[in-house]
Amino acid sequence: MAFAQKIVAAALAFAVTATLCSGLSLSGQTTMNVKHGFAGTASAAEAAPKANLQKLYSIHNSLSAGDPADVQAVKELRAEIAELNEAADQALIDPVWNKIKLKLPAYVDQTKLRTNLFRFVNAVRLYLLDPQENDLDQIRSDPEFRSSLQIISSAAGLPSLTMEDFLLFLFGDSAIRPGLEGTLRETLRNKSPYELAELINDMGKSKAFLYQELSKVLGLADKYQVSRVLRNLGVKAQDVTDMLKNFETKLQKDDASFAAIAIAYMRSEAAIQASTSHVPEQYLAYRYILQLFGAYVAPYDDLLPIQMAKISGSPDILVNAFNSTYIGSASLMNNVRSATAIVQVKLLHPFGGPEKVILEKEIRLAYPISDFPKEPFFESANTLHESLRTAAPADAQEVQAYYDERQALDATADHSLIDPIWNKIERYLTAAVDKQKNKRSLFQLVKEAGQLAYYADANDLQAFLTNAEYDQALFDYLTTIQTNLYAEDLMIFLYGDGAARKGVQRTQLELLAGKSPQELLSLLYDQDKRDLLLRSAISTVMSQTDENYYRFSQALSKLGVTSDDIMAVVAQFQSKLEHSQTAASAMLLAYLRTHTVEKVTMSTDGRQHDYTLSTLGKDMPNELLVWSKASGSDAISVSAGGTVVLSKTNREGAAVIVAKALNPIDGSAKIIFQNEVTLTAADTGSSIPQALLDRIQKLHEAIAAGDADDIQALRNLQEEIASLNDASHLELINPIWNKVKLKLPASSDEAKLRSSLFNMLRAFGSFHYDPQLSELEAIAANAEYQELLSTLAAAGGNSNVAFEDLLLFIFGDGNEINGIEGTIRAILAEKKPQALSALLINKDAMNKVFKEALVEVLNQKDTYALSGALSNLGIKPANVWSTILNVQNTLKTDEPALYALITAYIRMEAAETVKITSNGKKHHYTLKVIGFELPSLPFITWKKISGADEVTVNPNGTVTIPNKADSGTAVIGAYLMHFFGGEDKLIFQKEVTLVNDKSADSQ
């Protein structure tokens, strides 16, 4: 408790003795701690500090993390100090200056020295209130400050004061010189709780106490250079006190800043100490006292009220506040093994001001003797081994090999592996103990506890937990650790209790959860990083020595065993066991695999799934992975980037897909995710691709834009096709049917199926010559046709062939799949204009192209489900072509309709290109259809449909206006030659304007 007030006093001391400091680093920043702390680096002008500055950093860290009002109070004081006037306010230092000047030689410029001393005092105080590295460096390197300190020291007949002298004066050296802060601490430690409460409650008493302790340190001239210099100059402790009081009187914000720093000082070293109740209670209960720098603090209702409360944590911990010797209690409820909570301790009215938090701490409660949770342990182990067995058999072999070689270790031959721990603890054994037997038992205990994590067997675990030899080996240390330890305590230390005590293993897993995906994968391949992670987990658990929490942590601490000692034992085992690192990597990967979840983005048609992974809740970049198919249907393909695709020829497919984590060093990979997936083509409500619907509409509009003769020719053919019937014309499809019937089961109604096949082919034939959506939808919805397709697919041993597959076969999908129609376009695109014109006027030549396209599509069995089905039925391209010729030879009106259809196709696809010359007076037009240029005369003839007289249109596509004309507008048209002797057909028209650029002529 004495130290609580010491905190206040020392906090004031920092502000007060700032007048004596040439630069103290108060930074809570890491960079400042590194540069100016225990391992500090001096500026060029100073020796490395030897003073203990840890407390200084701790206070300012606490200030920054505390009440924003306290931070603001310190900022306001700093602003007030910065506004002090060098000329008007120098008198503040006169109590000390008036003694110094009496010792100065006559040649010293006292006005300048006094000004520099005042500037120095203010610069140091500003720095202390907002410690910045560059400010400290400026103070240290300021030539005026250094010169002034040299003059003052010379006047005292002593070597020049250095920064180190001031630091040692304030904070000591952690050895023989306690400094002002250490002196305060020791005095406060000897005060009663009531005296300390008075100091915390009364700022005036705190400051008076500080001046008293300052006087003590100023009197220790044998220890401190600052004290010697001031003594030789005749400066008394009262002079320093008077100077400090001058600043207090001048600075209006001094008291608020004093309180803020004092509270921060208390918070930096506040602690609570727990003890169990000696009175039997229904629940496990701990009572807490408050300690400030190791001194006991008691709450007083009127003088120092203290409040303890739970602010977060487990509902299984109940916290009550007391107002007695104890500040509060915590009880473990609901029969849980362990739990944690965050408690907060407040001083309600320090220095007569508002309440202040001086401590927030996690409390950890656990029953002294807890059963090790076997079922969760087995469940976790079994999950990992299932992951190894199914996804990584090679890793499973490594783990088995490690287990076998660990199990083969001999307690007599190999017990030196635990020497890093044994060498620390054997001295605590009494003479009555057989040390070699104890060592062998401890070795066996460590060996078995470790191997249980790799293969957890219920019988083995029970035998381990009830092994009397292990319990006796631990009991041998009772004199030192003062509690009975059991093998169960070691298991809780290593693996946790399934509640708040996480153990080394679950602590490791929590650390893993904080890693990035890149860091997680690097752990698979880097032993040093895995060891660092393990060391961190062990250190965390070893540090939790709360009473009865980790009984093994408490025991090891009392025996002098550190985390480094445990890691040294781990290293010994690693060196001995050849498979230790590969097994550790395998188990880590198995854990990551069990905590890896896929995210799937599906296309609207269900045929594409894009996979990404998240591990331990964090998205894993796909560049760290490589995806592939382990097994499954040929209909499924998997890209390295995680895209899974169902082929267009299948409605459904399944495969086992894997994602492997890449080794950034050598490019090798290990499976981190494996799953069987099924892709099913979605039922979008219509099996007709939108691209085909759009094309049907365009073609229908192109037919309607033709002349009456074309429309009538198409109607005539449709009527003729419709007149074909299954009573008189079934033989037309015999080339196909004769193959189909051989595959049908005996129970099939062949007559019905043959009739259905004829009717479906007739419907498609009619539709093709003037496609309309209503007709296509009627065909798609026809139950008779759907049943037919299903029967034929089954007969060929295929999965179901849908209506969509028929459409893809004939029309394609408008994208990657061409179908017969798209294949014909591709064939035509490769022909020269002259060959194309010859082709379009020759029915046999057109049939040749048609047959070439048909054969190509029928041979693409992996692309077209219908092609695969026909092939499975024994139907060859020749059978299909013979059926087509049968129909063509029967029809009488097909040639005019074919011409009308070709005209409509060209009209639908035609796009002009124009070349402009003669300064705009001449345009030359050509047409392109689906990427290839149509041949000119006589195949295409250009004409003027209407427009200005001065516009002339040449049949070859050249449009001109005379030189004298400024411009001319006309509607021009392109006409397709009639192959069978009729009038040419308009396939393109457009209004064009030619403008004579006369300025170009003049130039």
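This is a predicted model: local features need pLDDT of at least 70, side-chain atom pairs count only at pLDDT 80 or more; totals for chains, interfaces and linings use all residues.

Colleague: Okay, sheets. In what order do the strands run in the sheet with E4?

Modeller: The order is E4-E7-E8, an open sheet of 3 strands with antiparallel pairing.

Colleague: And which strands stand at the edges there?

Modeller: Strand E4 (306-313) and strand E8 (356-366) do. Each has a single partner strand, so one side of each is left without a neighbour in the sheet. On average, neighbouring strands of this sheet are turned by 30° against each other, if you ignore direction.

Colleague: How many bridges link E7 and E8?

Modeller: Strand E7 (residues 338-347) pairs with E8 over 10 bridges, in the antiparallel sense. To spot the pairing on screen, look for Val-345, which stands opposite Leu-359 in E8.

Colleague: Now the other sheet, the one with E20. What's its strand order?

Modeller: That open sheet has 3 strands in the order E20-E23-E24, with antiparallel pairing. Its edge strands are E20 (940-947) and E24 (985-995), and each pairs on one side only. The twist from one strand to the next averages 30°.

Colleague: What packs on that sheet?

Modeller: Helix H42 (residues 894-909) does, and it touches E23 and E24. The direction of H42 makes about 30° with that of E24.

Colleague: How many bridges are there between E20 and E23?

Modeller: E20 and strand E23 (residues 967-976) pair over 7 bridges, again in the antiparallel sense. Here Ile-940 stands opposite Leu-976 in E23.

Colleague: Switching topic: where is Ala-87?

Modeller: Ala-87 is in the loop between helix H4 (68-82) and helix H5 (94-100).

Colleague: Is Ala-87 buried or exposed?

Modeller: Exposed, because its relative accessibility is 68% and the cut-off for exposed is over 50%.

Colleague: And how far is Ala-87 from Val-971?

Modeller: Their C-alpha atoms are separated by 96 Å, and the two residues are 884 apart along the chain.

Colleague: Last one, the second largest pocket. What volume does it have?

Modeller: About 360 Å³. The lining has 19 residues, and Pro-376, Phe-377, Ser-380, Gln-505 and Arg-506 lie nearest the centre.

Colleague: Which helix gives the most to that lining?

Modeller: H16, with 6 residues. Helix H16 (374-391), helix H24 (503-513) and helix H29 (580-594) each supply at least two.

Colleague: And how do the lining residues divide by type?

Modeller: For the second largest pocket, they split into 11 nonpolar, 7 polar and 1 charged.

Methods
Residues are numbered from 1 along each chain as its sequence is written. Side-chain values use heavy atoms; hydrogens and water are left out. Two strands pair if DSSP finds at least two bridges between them. Helices (H or I, at least four residues) and strands (E, at least two) are DSSP runs, numbered from the N terminus. Axes are lines fitted to C-alpha atoms, for helices over the stretch in contact, and angles run from 0 to 180 degrees between N-to-C directions. Contact means heavy atoms within 4.5 Å. Buried means under 20% relative accessible area, exposed over 50%, partly exposed in between (1.4 Å probe, protein chains only). On a 1 Å grid over the protein atoms alone, a cavity is a set of points where a 1.4 Å probe fits but cannot get out, and a pocket is an open set with protein on both sides within 12 Å along at least five of seven lines; lining residues have an atom within 4 Å of a point. Grid points are joined across faces, edges and corners, and a volume is the space filled by probe spheres set on the points. Ala, Val, Leu, Ile, Met, Phe, Trp, Tyr, Cys and Pro count as nonpolar, Asp, Glu, Lys and Arg as charged, and the others, Gly among them, as polar.
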